[in-house]
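Subject: Structure handover

Hello,

Here is the structure you asked for, with notes on what was found in it. Please read the notes with the model open.

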Amino acid sequence: MTEVPDHHAMLRVAIDEARRGLAEGGIPIGAAIFTRSGELLGAGHNRRIQESDPSVHAETDAFRKAGRQHGYRDKIMVTTLSPCWYCSGLVRQFGIGTVIVGESVNFPGGIEWLRENGVEVIDLGSQECVRMLADYIGRNPEVWNEDIGRECDVADPPAKDPQACRSRP
């Protein structure tokens with residue numbers, strides 16, 4: 001019988017990465033990739049601000065740090081926040097079998113699409129993850145809107161309400 005890994009312990013790795021990113025001045029989103037047995041392959045955090053590179057999301061950072069794998073169906077992606085469409089595409093492109101999400105309150109991302117396409121998605125509903133990102137969004141709404149692809153009306157002062165901006169087409 002296969003032992004089920006501790007999802008909360010796996011999320012702790014991603015949370016530690018998110019806090020590392022926040023300490024560096026970035027957006028507090030962390031991720032990690034594990035084997036089904038719980039072996040850590042790679043961990044990373046959102047470094048879009050630190051590196052001025054819009055492609056360095058937490059999931060892509062962890063994916064790169066995990067290195068080449070012979071297959072991904074048996075891998076577990078753990079992330080503090082529901083993956084955006086870009087990172088959901090990475091999960092689908094490489095066939096990652098399971099995604100564990102710390103929270104989907106601040107941003108629902110593509111988890112329903114992942115589920116519809118056969119990916120097992122487990123949302124742990126972590127209040128620690130919700131609070132960490134909500135606090136960041138409250139202090140940095142412009143950066144958050146940029147991160148999720150929302151444009152604010154340039155004639156208005158920067159929107160304090162992320163919902164006041166529109167998604168890019």
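A residue counts as buried under 20% relative accessible area, as exposed over 50%, and as partly exposed in between (1.4 Å probe, protein chains only). By that cut-off, 49% of the 169 residues of the chain are buried. This is a predicted model, in which local features need pLDDT of at least 70 and side-chain atom pairs count only at pLDDT 80 or more, while totals for chains, interfaces and linings use all residues. Residues are numbered from 1 along each chain as its sequence is written, and side-chain values use heavy atoms, with hydrogens and water left out.

Overall layout

The chain has seven helices and seven strands; helices (H or I, at least four residues) and strands (E, at least two) are DSSP runs, numbered from the N terminus. Their order from the N terminus is α-β-β-α-α-β-α-β-α-β-α-α-β-β. A contact means heavy atoms within 4.5 Å. Among contacts with a separation of 6 or more, 52% are between residues 24 or more positions apart.

Helix 4

Helix 4 covers residues 85-94. Its buried residues include C87, S88, L90 and V91. Seen down the helix axis, the buried residues fall within an arc of 150 degrees, so they line one face of helix 4; the arc is that of the directions from the helix axis to the C-beta atoms. Exposed W85 and Q93 sit on the face turned away from that buried side. The cover over the buried residues includes helix 3, strand 3 (75-79), strand 4 (98-101) and helix 5 (111-116). After helix 4 comes G95, with a positive phi near 70 degrees.

Helix 3 against helix 4

The axes of these two helices come within 8 Å and cross at roughly 35 degrees. Axes here are lines fitted to C-alpha atoms, for helices over the stretch in contact, and angles run from 0 to 180 degrees between N-to-C directions. On the helix 3 side, E59, T60 and F63 take part, and they meet Y86, C87, L90 and F94 of helix 4.

H57

Where is H57 placed? It lies in the loop between helix 2 (48-51) and helix 3 (58-66). With a relative accessible area of 10%, H57 is buried. Leaving aside neighbours within four places in sequence, H57 is in contact with H45, N46, R48, C84, Y86 and C87. Of these, Y86 and C87 also belong to the helix 4 side of the meeting with helix 3.

Regards
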